[in-house]
Amino acid sequence: MIEIASWNVNSIRARLEQVAAWLETYQPDVLLLQELKGTEFPADVFKNLGYESVAVTQKAYNGVAILSRHPIETISRTLAGDEKDSHSRFLEVMIGGLRVVNIYLPNGNPKGSDNFAYKLAWMDRLHRQLKIWEKKDPPTLIGGDFNVIPEDIDCHKPSSWIRDALFQPEPRAKYRSLLNLGYIDAFRSLHPDLKGQFTFWDYFRQAFQHNRGIRIDHFLLSPSLGERLISCEIDRGPRAQIKPSDHTPIIVKLR
């Protein structure tokens with residue numbers, strides 16, 4: 001069995017102690033981190049905990065990293081399709097015969113803006129890449145912060161998000177197009193009707209305390225990998241800590 005977690009930490013510098021403590025407690029095989037927000041990545045800290053790491057960083061914004069107890073082979077640090085895209089949002093590696101991809105998909109707000117157009121174009125590039133991966137080995141897992149609320153069940157109150165880029169018809173349709181390629185939303189495939197399951201809660205208006213959240217952190221599995229799916233769960237514990245990230249980890253287990 002292999003256990004892989006994903007967590008948007010909203011600054012690794014601010015959340016390093018929390019991440020290290022969580023790793024020591026839960027000890028997943030692999031951890032995907034998003035929104036590092038800085039050029040410095042504390043690889044030595046994670047090495048002391050038994051994890052190799054690869055990071056793609058950017059000053060003050062974005063940034064993704066993959067930690068692993070097993071050897072990592074870096075394949076690509078950029079999503080194909082736009083040589084001018086300088087954002088650190090993508091990392092593809094091989095771990096034990098498994099393609100592991102970490103993404104931090106653009107937020108896109110406000111809708112109708114250049115940011116929104118960039119989000120949609122990025123999703124088109126991702127679709128093209130997933131289409132290529134789906135047709136050949138090795139099995140592929142794509143995890144991270146997708147910044148997409150796939151369905152109404154994935155938010156506390158749809159009317160509260162109706163104007164947000166995460167909830168617009170266009171990105172939701174593009175997310176479904178990834179599933180139409182054959183990829184499996186690990187969490188929803190196991191919990192098709194389960195409500196109130198979120199990975200993000202705003203810092204304002206006691207959103208976490210009242211469970212007014214959204215599910216935007218996902219794992220997509222290629223068809224052959226979907227057959228190996230054991231479980232996919234959300235760990236709310238880190239979001240309840242003092243000065244937490246506004247996201248919380250999601251964990252998938254595979255045979």
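Which residues do ring pairs link into a cluster? They are W7, W22 and Y26. Rings of Phe, Tyr and Trp (its six-membered ring) pair if their centres lie within 6.5 Å; planes under 30 degrees apart count as stacked, over 60 as edge-to-face and the rest as tilted.

The model is predicted: local features need pLDDT of at least 70, side-chain atom pairs count only at pLDDT 80 or more, and totals for chains, interfaces and linings use all residues. Residues are numbered from 1 along each chain as its sequence is written, and side-chain values use heavy atoms, with hydrogens and water left out.

Six aromatic pairs were found in a search of the whole structure. The ring centres of W201 and F208 are 4.9 Å apart and the planes stand at 90°, so this pair is edge-to-face. Both W201 and F208 are buried (under 20% relative accessible area, with exposed over 50% and partly exposed in between; 1.4 Å probe, protein chains only).

Charges also sit over rings (NZ of Lys or CZ of Arg within 6 Å of the ring centre and within 35 degrees of the ring normal). The charged end of R89 is over the ring of Y104, 4.9 Å from its centre. R172 lies over the face of F167, at 4.1 Å from the ring centre.

An open sheet is formed by six strands, ordered β3-β4-β2-β1-β14-β13, with mixed pairing. Strands (E, at least two residues) are DSSP runs, numbered from the N terminus; two of them pair if DSSP finds at least two bridges between them. The edge strands, β3 (52–56) and β13 (229–234), each pair on one side only. Strands β1 (residues 2–8) and β14 (residues 250–254) pair in the antiparallel sense over five bridges. There, S6 stands opposite I250 in β14.

Technical notes:
Helices (H or I, at least four residues) and strands (E, at least two) are DSSP runs, numbered from the N terminus.
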